[in-house]
Amino acid sequence: MAREGLTDEAFMRRTFELAAQARGWTSPNPMVGAVIVRDGRVVAEGYHRRVGLPHAEVEALRAAGEDARGSTLYVSLEPCCHTGRTGPCTEAIIAAGVKRVVAAMADPNPLVSGKGFARLKESGVEVEFGILEREARRLNEAFIKFITTRRPFVILKTAMSLDGKIATATGESKWITGEEAREYVHQLRNACDAVLVGIGTVLKDDPSLTTRLPGGGRDPARVVVDSRARTPLEARVLNQRSEAATFIAVTEMAPPERMEALKQAGAQVLVCGPGPAVDLKFLLAALAEREIASVLVEGGSAVNASFLLQGLVDKLVWFIAPLIIGGREAIGPVGGTGVRSLAKAIRLSELSVRQLGSDLCIEGYLNHEGADGGCSPA
């Protein structure tokens, strides 16, 4: 495990690598990695493997044993100082005799936020933070949004042809993208707490919305935006074998007997507003109350428009396949009424572009200043 001569930044990057191994398994907690260095050598590593299990610092300290005394602990997030599902990491660090703690960022959780650093300092531990903070924030972007706003981090994923169509005029859409792009979507599902679609997708495609990865994966909760409770009782989202919950988001206009039938079929029915459309802000708040910290939107054009034009999307994952569909009746990825002028167009920042198989994948973050309307999903 020796890594002599490495810099603070190099050790910190290793904490990110460790933390990311638990992507999808720690929510609503953050992903955290820890590296213990003594005399320029890595003596132990650890990461928070899943919610309820020991935190990264405790894992690394247990692996280090007596080698932790007089060492430097690198950690991707400020050590906690409160008792939650596990005990405070600050006390374990102090008891182990760690000399110096280097953290990437302060914990945005109000229960910690600087208090962990203060506790370490008052016990004589040297503290430094802000090393690669930007990268640390991206690693835990969903946790940061959730813990500071009590709203889920929303990723919108869509796939279209080169000429901007998500289906043919007859409605055929499987498959626009290739296998590599589809596997990446399953990685996104594995990382998110919930995947959301509209009732149109359920009626047309009957998706299972499970995670299918070569090495297995974690199924997200399934959310269907269905204002009038039209989800068929035989739909896969209700009958696919999975430990994940299914939420049907309806309005007060939904027939009571249909809501009761969906409950009997195993769904959790969330009444989100009077109607006619589901109140998406209310829905996101309701999901957050159930500790869903991230949502992957895989909607059709109406759902996409509603989320985008109401300013509810944090990140976009947009696939472009090298094929041309054509046709005036073929549907594009964002419906609704759109913005009224280019000045009001939704703009993206921090763009990245890569190729997955024969498809392009564009990712970026949303700037909502220009959003001014949209279309409501069913």
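Select strand S1 (residues 33-38) and strand S3 (residues 72-75): the two run antiparallel and are joined by four bridges. The model is predicted. Within this pair, pick Val 37 and look across to S3, where Thr 72 stands opposite.

Now widen the selection to the whole sheet. Five strands make up an open sheet in the order S2-S1-S3-S4-S5, and the pairing is mixed. At the edges are strand S2 (41-47) and strand S5 (126-129), each of which pairs on one side only. Going from one strand to the next, the twist averages 15 degrees.

Helix H4 lies across strand S4 (100-103) and S5. Relative to S5, helix H4 runs at about 150 degrees.

Leave the sheet and select the cysteines. How many disulfides are there? With sulfur atoms required to be within 2.5 Å, the count comes to zero.

Start with Cys 81. The closest cysteine sulfur to that of Cys 81 belongs to Cys 80 and is 7.1 Å away, so the two are too far apart for a bond. Show the surface here: Cys 81 is partly exposed, with a relative accessible area of 24%.

Then go to Cys 361, which is also in no disulfide. The nearest cysteine sulfur is that of Cys 192, 13 Å away. Is Cys 361 buried or exposed? Cys 361 is buried, at a relative accessible area of 1%.

Definitions and conventions:
Residues numbered from 1 in each chain as written. Predicted model: local features only at pLDDT ≥ 70, side-chain atom pairs only at ≥ 80, totals over all residues. Heavy atoms only, no water. Pairing = 2+ DSSP bridges. Axes fitted to C-alpha atoms, helices over the stretch in contact; angles between N-to-C directions. Contact = heavy atoms within 4.5 Å. Buried < 20%, exposed > 50% of the residue type's maximum accessible area, 1.4 Å probe, protein only.
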